[in-house]
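Hi,

Here is the model I said I would pass on to you. Have a look at it first, and then read on for what turned up.

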Amino acid sequence: MPSFRELIHEALPLLEQAQIPQETAQVFLLELSQKESYDLYLHYEDEAPAELVEQYQAGMKRILKQEPMQYVLGYSWFYGYRFQVNENVLIPRPETEELVANILADLDEYFAEVKTIDAVDIGTGSGAIALSLAKEESKIRMSATDISAEAVDVAKANAASLGVDVKFLVGDMAQPVIDAGMKVDLLICNPPYIPQEETLEASVKDYEPHVALFGGEDGLKFYRQVFAAAPQVLKDKAMMAFEIGWNQKAALLAEVRKTFGDVRAEVVKDINGKDRMLFVYFNL
């Protein structure tokens with residue numbers, strides 16, 4: 001059997017040829033072996049177990065065809081929690097972790113005196129945002145919607161594994177919330193925001209669900225839907241939080257003014273200095 005080092009090094013030129021980051025080989029092996037990086041280095045020259053070699057080589061064949069590593073593993077890490085993912089849900093992105101962190105900071109400031117924060121995550125997918133917020137803030141009473149019943153099944157499985165109580169609703173954007181007569185303090189949405197004709201990497205275009213990617217001709221279709229529904233689902237004192245495309249700030253702020261008038265709306269930059277989060281506040 002090859003050593004751990006040999007397994008990694010045999011994949012490097014193949015990854016380079018496929019234009020996939022070379023660190024994928026080590027990260028994938030780490031996840032399969034459940035070893036911390038320093039532990040792997042300690043055993044770098046050791047012979048890898050036969051079952052692990054088989055899993056690694058079979059998985060690398062899929063990765064080299066541009067299938068995302070998270071789908072090969074069947075899970076993805078988000079905000080320190082492990083989430084089941086498959087072809088029915090988007091893979092949670094690191095930039096979305098920043099959305100969760102910013103929401104939690106705002107809750108401390110704006111809802112400090114509220115005993116229970118009623119919240120809904122619109123288009124929940126794997127449940128990454130909803131479940132992470134519920135795990136991190138005990139005052140949150142979370143609901144979540146998705147148009148895909150298959151996605152909701154994944155989110156329910158993640159809720160069960162993380163021990164989080166979330167009310168899941170199947171339906172188009174905010175419509176299930178309206179139908180249920182619910183009112184919330186906090187509305188979160190990371191909608192499909194990629195313009196319909198935008199070119200995507202093969203690993204995204206060929207494997208991730210298009211229903212969760214594309215937001216109409218200009219990428220703003222689903223923001224408009226949520227904005228239109230907001231008066232029916234928000235309490236008088238409320239907050240909305242969205243992930244946005246890096247170049248959508250001006251257009252979305254214009255949509256906010258058009259729909260809500262002179263409300264407080266802020267666009268927050270991510271760690272890379274790009275405009276990636278929109279927060280809208282009502283009667284705060």
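A word on terms before the findings: contact means heavy atoms within 4.5 Å, and helices (H or I, at least four residues) and strands (E, at least two) are DSSP runs, numbered from the N terminus. This is a predicted model, in which local features need pLDDT of at least 70, side-chain atom pairs count only at pLDDT 80 or more, and totals for chains, interfaces and linings use all residues. Residues are numbered from 1 along each chain as its sequence is written, and side-chain values use heavy atoms, with hydrogens and water left out.

**Confidence**

The protein chain has a mean pLDDT (the predictor's confidence in each residue, from 0 to 100) of 90, and 90% of its residues reach 70 or more. Over residues 202–208, however, pLDDT stays under 50, and the model has 20 contacts there beyond four places in sequence. Residues 210–215 are also below 50, with 25 contacts in the model beyond near neighbours in sequence. Where pLDDT is low, the predicted coordinates should not be read in detail.

**Helix 12**

The buried residues (buried is under 20% relative accessible area, exposed over 50%, partly exposed in between, with a 1.4 Å probe and protein chains only) of helix 12 are Leu252, Leu253, Glu255, Val256 and Phe260. They lie on the same side of helix 12, because they cover an arc (of the directions from the helix axis to the C-beta atoms) of only 155° around the axis. Ala250 and Lys258, on the other side of helix 12, are exposed. What do the buried residues of helix 12 pack against? Their partners are helix 11 (221–233), strand 7 (234–243), strand 8 and strand 9 (275–282). After helix 12 comes Gly261, with a positive phi near 75°.

**Ala265**

Ala265 is buried, at a relative accessible area of 17%. Beyond its neighbours within four places in sequence, Ala265 contacts Leu253, Val256, Arg257, Phe279 and Val280. Ala265 and Val280 are 15 residues apart along the chain, yet 4.4 Å separates their C-alpha atoms.

Happy browsing!
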